[in-house]
Amino acid sequence: MTLDSIPIHVIESSPAEPGLSGNAPPLLHELEEMVRRLLDSGETSAIDLGALPLTPADLDWLRIGLGEGEIAVTLHANGESTLSETASPGVWWVTHRNEKGAVTSEFIEVAFVPELVKAHPQDVKMGLERLELLISDLS
Amino acid sequence: MKGPLIDTLVRQGVSRRTFMKYCATLASMMALPPSAGLAMAEAMASARRPSVIWLPFQECTGCTESITRSHSPTLEGMIFDLISLDYQETLMAAAGHQAEEARLNAMKENAGKYLLIVDGSIPLDLDGAYSCIGGRSNLDILKEAAEGCAAIVAMGSCASFGGIPKANPNPTGAVSVSDVIKDKPIVNIPGCPPIPVVMTGVLAHYLTFGSLPELDDKGRPKAFYGETIHDRCYRRPFYDQGKFAKTFDDEGARQGWCLFELGCKGPVTYNACATAKWNGGTSWPVESGHGCLGCSEPDFWDAGGFYKALSMPADPLKIAAAAAVAGAAVGVGLSFANRAKKGAAKAAHETTTLADLEK
C-alpha cells in the first residue's frame, strides 16, 4: 500500500504565513499608546520581547513592519548591542548580545533617546579628568 | 572588599553601560518591567560584597557545572567574584584540613551575616553515614553551618526537594534542606540543574536589596518561578490553536507545534527556561524538540513518565475565562484521543510507539 492510496481530505491551511502566531499585531496598538504617552508627558517605556510568546516569524514580521529609521547606535560593552531607530521616530529596536553574539535580551523602547545612549554625569566627570590630563601634558 | 560595587567594576575595566546592559538583561530574566533594570543598576552599584559558603552534599556536581559554565568571561562571572566565596569544595584551591579551616574561619568572622548555599540532598538513614565530609555527616555539617548564617540558598532539585537521591525507594533516606532546617530563611532554586542566571539573579537580588526575593509556596523566587514553562513557551500559540505534534517525527513536530501530547510537563512546571534559555541563550529543551521533563518540581522523577501526556488540561484556573473553556475542551479531547491512539497502536502492534517507551 502506498501513501497515495490512502484517501486524504486536505484542509486548506490557515491563510496566515507559516510560523506566525498572531501575537505580534496587538503589540502595534500597545506601541501606538506608548508613543502617545511619550508625546503627551515625555514618559518613556519599553516592551520586553523576551517575555512574550513570539515566534521567530512574529519577530521578523514586527521588525519589517516597523522598518528602518535614520539612526542606529552600536554599543560595544560585553558583547555588541544595537539600538536602532525604526521608521517611527521615538520607537527603538534594542538588541543586547553577549561576547559570542547570542541575543541575551531584546526590547522595543519608546523614548526620544534611549537611556543607555546618554553619558552618565559620573562618567563625563572622568572624561573631563582625562581631558585635563591631556592638556597638562601639552605644556 | 571595600566600597560600592560599581567602583570595583570600574577598577576591573567594566563600564557603566556594560553594567546597565547586564541589569537590563537581568531584569528581563527576572520578569521585572523593563524600567526595573535602571533601578537595579543604581541599587546594585552601591552594594557591598557578602561572604558565601557553599556546601555540597548528596549531589552530582551538575549544579556547580551549570553555574560555572555560563560565567567565565561575562559580567555574571564578575558578580560572582564580587561575593566572597569562602568555601566551595570543587572550585577552591585548598583541600583537606585547610579547606575545612577556611570554612570554620569564614563562619566565625561573618557570624550571622554569611549566605549559605547548599547543593545536594541530606541522607538521614544510618545516622547520615551515606554521605560524609571529613568524617562528619552532611546532617551534622549542615546544622553547624546553618546556625550562624543569614539565609540559606538550596541550589538544585536535590537540596530543594530531595531530587533524584530521594526518588523511589529513596535508599539513603534523603531529605531536602527545608526538611532539616526550620529556623532560617530558605530560598529554593530547583532545577536539574538550575538555570545559571537564576542563581546569579538571586545573588544579585541579595546584593541589591540585602534580602532574599519574594518566594512562592514551594520556597522558589517568584521572579523566576512565577509562571509555568507553558505560560512563556513560544509554542504556546499552537496549544491554543489545538495544533499538536503526535510523534517526534511527524509534520507537526517539523512545524514546531505544541509537544503537550508527547508528554511535555510545561503546563505544570514552574521555571524560567522558556525565557532565560540555556547555553548562553542558545536554546532550551522545547526549542530543541523535546518536551519539558518538569525537573524543577518536587519528585519529578516519580511523576509518572516523561512521555505520558498530562491527563489534565493546562492549569485551567490560571488562564483567562474564554481561553480556559477552549483549553479545557482541548484537554478533554486529548485524553480521549490519547486513549484511543494507545488502544489502536496496541491492536495494530505497530513499530515503537510512545507507549513502548513507557514500559
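The structure is a predicted model, in which local features need pLDDT of at least 70, side-chain atom pairs count only at pLDDT 80 or more, and totals for chains, interfaces and linings use all residues. Residues are numbered from 1 along each chain as its sequence is written, with chains lettered from A and ligands numbered from 1 in the order in which they are written.

Chain B holds 17 helices and nine strands; helices (H or I, at least four residues) and strands (E, at least two) are DSSP runs numbered from the N terminus. Of its 359 residues, 46% are buried, that is, with 20 or more other C-beta atoms, placed from the backbone, within 10 Å of their own.

In chain A, helix α3 (residues 121-138) spans 26 Å from its first C-alpha to its last, close to the 26 Å expected at 1.5 Å times one less than its number of residues. Zero of the 18 residues of α3(A) are buried, so this helix lies largely in the open.

An antiparallel arrangement with strand β5 (residues 103-110) of chain A is joined by four bridges, where pairing takes at least two DSSP bridges. Within it, Ser45(A) sits opposite Val110(A).

Where the chains meet, 26 residues of chain B and 27 residues of chain A take part, contact being C-beta atoms, placed from the backbone, within 7 Å. On the side of chain B that touches chain A, α2 (16-29) and α13 (236-240) of chain B each supply at least two residues, and α2(B) gives the most, with nine residues.

Notes: A residue is buried if 20 or more other C-beta atoms lie within 10 Å of its own, exposed if 12 or fewer, and partly exposed in between; C-beta atoms are placed from the backbone. Two residues are in contact if their C-beta atoms, placed from the backbone, lie within 7 Å.
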